[in-house]
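Thank you for making the time this morning.

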Amino acid sequence: EILYLQNNLIGKIENLFHMKHLWYLNMAINNIKVIENLEGLESLKKLDLTLNFICDLTSIQNLQANQNLRQLHLTGNNCRDIEGYRYYVIDTLPQLETLDSEDVGKSERIRARQEAIPVRIEVDRQRKAVEEEEERKRIEKELGIEKERPKDEKGETLYGHNPEDRLAAYHDMQEQINKDKNKEPSRFDKIKEDMKVKTPSQEEEMAKYGRYMQRNQAGLKYELNEVGPNVVL
């Protein structure tokens, strides 16, 4: 079984525990911060979490139960910027064969074990920083503090690389689409509409030409070839 859930603004992985035969899950381009709730996917071989917002790398420990997992994609997540990122993932998930479309070699596995302690210290430091940032956001939300987004020289809103801004960009885009649908047509829109060639009705043809014009109402494909004095249709 394959499940495509990419580009849906999903903020949390949930309600997939019953999919025992799922072997490929694509949740790229969403708003996921934590890898979780996948332990029940016994057949999972490939997991794509490209372009999400996973900062806490320790959450990949939740994939240790997925012993059939062979391919993991985390490209475009902040956790990839952590020094020793690949070593930590490879050491934590020895069942992986490829990480971010790169094969995991024997020498890399050995190096991952050798670097395990210093890398885990750095990953844990980053985890604490993420927790502090999430707590700050939670407090600001409770207090109703909203920071105004910056604008460029043309006055258009600039969005940051975070789940909140991605969601805001989507809502602003939908709002603009709805405004465009409901706005009154301008004088130029009316001129363009009048300039469009309209197919006359049979009544209009009879009144104008005194007969019905030939037309291909069925939309049949045809070719017109002139061979000498003959015309072949």
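The chain exposes about 16,600 Å², and carbon and sulfur atoms supply 50% of that area; accessible areas here come from the Shrake-Rupley method with a 1.4 Å probe, and for residues only the protein chains shown count as cover. Please keep in mind that this is a predicted model, in which local features need pLDDT of at least 70 and side-chain atom pairs count only at pLDDT 80 or more, while totals for chains, interfaces and linings use all residues. Residues are numbered from 1 along each chain as its sequence is written, and side-chain values use heavy atoms, with hydrogens and water left out.

Of the 233 residues of the chain, 27% count as buried, where buried means under 20% relative accessible area, exposed means over 50%, and partly exposed lies in between, with a 1.4 Å probe and protein chains only. Among the contacts in the chain with a separation of 6 or more, 42% come from residues 24 or more positions apart, a contact being heavy atoms within 4.5 Å.

Now to the elements. The chain has 6 helices and 8 strands, which are DSSP runs numbered from the N terminus, with helices (H or I) of at least four residues and strands (E) of at least two. Read from the N terminus on, they follow the pattern β-β-β-β-α-β-β-α-α-α-α-α-β-β.

In general, strands of a sheet pair through backbone hydrogen bonds, either parallel or antiparallel. Here, strand 3 (residues 46-48) and strand 4 (residues 71-73) run parallel and are joined by 3 bridges, and L47 stands opposite L72 in strand 4.

W23 belongs to the loop between strand 1 (2-4) and strand 2 (24-26), and with a relative accessible area of 36% W23 is partly exposed.

Which residues of helix 1 are buried? They are Y85, R86, Y88, V89, I90 and T92, and since these make up 6 of the 8 residues, helix 1 is largely enclosed by the rest of the structure. The cover over these buried residues includes strand 4, strand 5, strand 6, helix 2 and helix 3.

Helix 3 has 27 residues and reaches 39 Å from its first C-alpha to its last, close to the 39 Å expected at 1.5 Å a residue, the expected span being 1.5 Å times one less than the number of residues. Its buried residues are A116, V119, V123, R127 and E140, and they pack against helix 1 and helix 2 (106-114). Just after helix 3, G144 takes a positive phi of about 75°.

That brings me to the charged pairs. The structure holds 19 salt bridges, each being a side-chain nitrogen of Lys or Arg within 4 Å of a carboxyl oxygen of Asp or Glu. One of them joins the side chains of R80 and D100 (2.9 Å, N to O). That pair links distant parts of the chain, 20 residues apart, with R80 in the loop between strand 4 and helix 1 (85-92) and D100 in the loop between strand 5 (98-99) and strand 6. R80 is partly exposed at 34% relative accessibility, whereas D100 is buried at 7%.

Within helix 3 (residues 116-142), R127 and E131 lie 4 residues apart, about one turn of the helix, and their side chains meet in a salt bridge of 2.8 Å, N to O. E131 is partly exposed, at 43% relative accessibility. E135 and R138, also in helix 3, are 3 residues apart, again about one turn, and their salt bridge spans 2.5 Å, N to O. E135 is partly exposed at 35%, and R138 is partly exposed at 37%. Finally, a network of salt bridges links K33, E134, K137 and E164.

Conventions. Two strands pair if DSSP finds at least two bridges between them.
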